[in-house]
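Open your viewer and keep the selection tool ready.

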Amino acid sequence: MKFLCLVHEEPDNGLGPQTEQEAQELVNEHLDYDETLRQSGHWLYAQALQPVETATTVRVRNGKTSITDGPFAETKEVLGGFVMIEAMDMEEAIQIAAGIPSARMGFIHVRRVCEFKSS
Amino acid sequence: MSEDARKNVREKVDEIYRLESRRVLATLIRLLGDFDLAEEALHEAFTTALEQWAHEGLPKNPRTWLVSVGRFKAIDNIRRRARFDSSLAQIANELGPTTENPFAEDDEDIEDERLRLIFTCCHPALSPDAQIALTLRTVCGFTTEEIAHAFLTPPPTIAQRIVRAKSKIRDAHIPYEVPSHTELPDRLDSVLHVIYLVFNEGYSASFGDSLTRHDLSAEAIRLGRLLVELLPEPEAVGLLALMLLQESRRAARTSPTGELILLNEQDRTLWDRAQITEGLRLIQQALASRRFGPYTIQAAIAAVHARAARADETDWNQIVAFYDILIQAEPSPVIELNRAVAVAMRDGPEAGLTIIEEIFARGDLLEYHFAHSAHADLSRRLGKIEEARASYEKALQLSQQRSEREFLERRLREL
């Protein structure tokens, strides 16, 4: 079954990369982990996101599209990316999530994917 | 070269900067794909012009010359920096060769790209504050300090807004283009909204001592004209008409001591006839299109006032009819309030008061000082002195602007 690991950052907790070089090392670590998961057959898809300041909110009400800036993180945590994985159960998904490098500086929300069937 | 000739070139360059720098910038942003690079390139192009034109005289088409030199300098700069940062080398290559003759591009009709610039700066994915700051900075050429001064905001705050807006445009990939036909109406709303916010900020400062900050209103009208010139959509025409008709009353709306004078008490001989004539002509043009919206209807209401030589000649019937259309086009309690005031003028204070009390009973406009001062005014005219006093006091509590407060205090004393 599919699980989505939502990778959150906590920019103010001081655990994240402090220099450009550390940031690049973190990116490399993520890419390596993607490769590991790919080889073990768990990896489905993963992406990092542009900073939260680039977020835009789209709503359609009464046929009219409204576009607004944000939302900005009110709390100290921001969604930085996601990894979609194939796992046996929540237990295995948690183990895989714990291996995501950013789990050491932020946290990972693990959500099971809802697989709808059209009727 | 003589001092005089040098001075001459400088004056000429200054004039070209005033007239052409925004168009040159708009084109450079498209060519370079980046606001900051384009601003830097613009600056370098004008610096080069100052030196080179002094020796060689003015080029045939200064605007094309500036675009070519700006682009050339920018690519050259990126190349130079690329020696230290390999990722820039690719950008420089994508931007094209620098070896080509910078003066080759001698097209007399380079497209006016300020419209792209306007739509990108007013993109709704940017916050309204950022839209205003970026528009004034890039489309109007205001300095950060000028914007900060006009909006009574510290310069670093404005600077930060502009920096953030530019990085959002770059990182979120907001396109540099005029929206397609299907998106145009929504996006145009956003542009008109920014222009009208700038106008209102100049027309009636929301707090502080100055009721009118003329520069901002004048700039908004200039922007409105530019927009109409580049994209003569009925609502753009309607907004320009609305701003001109409101602006025409500027000299009449405050007393020499700075107190607010209401429309029906204004000396109408002080109204600017030229602005009224132009506003009335534009409103006809917008109404004739049959595709108009809220700005045009508001302008139509302002036009009814403008046509009345004396306050008691105002056609309130027509004004109420326009408010009815406006409420359908854009339902809002504030418009209902304005309609209530017009109904009171047509049918007497009692009728207006009933509508305002219905709005209050719904829980709307309870924190809006104009609603309480309108309520107070109608109560006073009906001889309900206690109600009037309570409402003026409530309005006073909610109002922050000096001239409005003085007006309310005077009304309270006169009860």
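Is B:R310 buried, partly exposed or exposed? B:R310 is partly exposed, with a relative accessible area of 48%. (Buried means under 20% relative accessible area, exposed over 50%, and partly exposed in between, using a 1.4 Å probe and protein chains only.)

Some ground rules. This is a predicted model, in which local features need pLDDT of at least 70, side-chain atom pairs count only at pLDDT 80 or more, and totals for chains, interfaces and linings use all residues. Residues are numbered from 1 along each chain as its sequence is written, chains are lettered from A and ligands numbered from 1 in the order in which they are written, and side-chain values use heavy atoms, with hydrogens and water left out.

**Stop 1**

(A salt bridge is a side-chain nitrogen of Lys or Arg within 4 Å of a carboxyl oxygen of Asp or Glu.) B:D312 is exposed, at 60% relative accessible area.

Now select B:E265, B:D377, B:R380, B:R410, B:R411 and B:E414. Salt bridges with shared partners join them into one network.

**Stop 2: buried pairs**

Select B:R23 and B:D112. Their side chains meet in a salt bridge, 3.7 Å from N to O. B:R23 sits in helix α1 (residues 3-32) of chain B and B:D112 in the loop between α4 (86-95) and α5 (114-121), so the pair ties together parts 89 residues apart in sequence. (Helices are DSSP runs of H or I, at least four residues, numbered from the N terminus.) Both B:R23 and B:D112 are buried.

Next, pick B:R116 and B:E113. This salt bridge has its closest N and O atoms 3.4 Å apart. B:R116 is buried at 19%, and B:E113 is buried at 1%.

**Stop 3: two helices**

Select residues 333-347 and 349-361 of chain B. These are α15 and α16, which pack at about 165 degrees with their axes 6 Å apart. (Axes are lines fitted to C-alpha atoms over the stretch in contact, and angles run from 0 to 180 degrees between N-to-C directions.) That makes α15(B) roughly antiparallel to α16(B), a term for angles over 145 degrees.

Show the side chains. Among the residues that meet are B:L337 and B:V343 in α15(B), and B:I355 and B:I359 in α16(B). (Contact means heavy atoms within 4.5 Å.)

Technical notes. Parallel < 35°, antiparallel > 145°, perpendicular 65-115°, else oblique.
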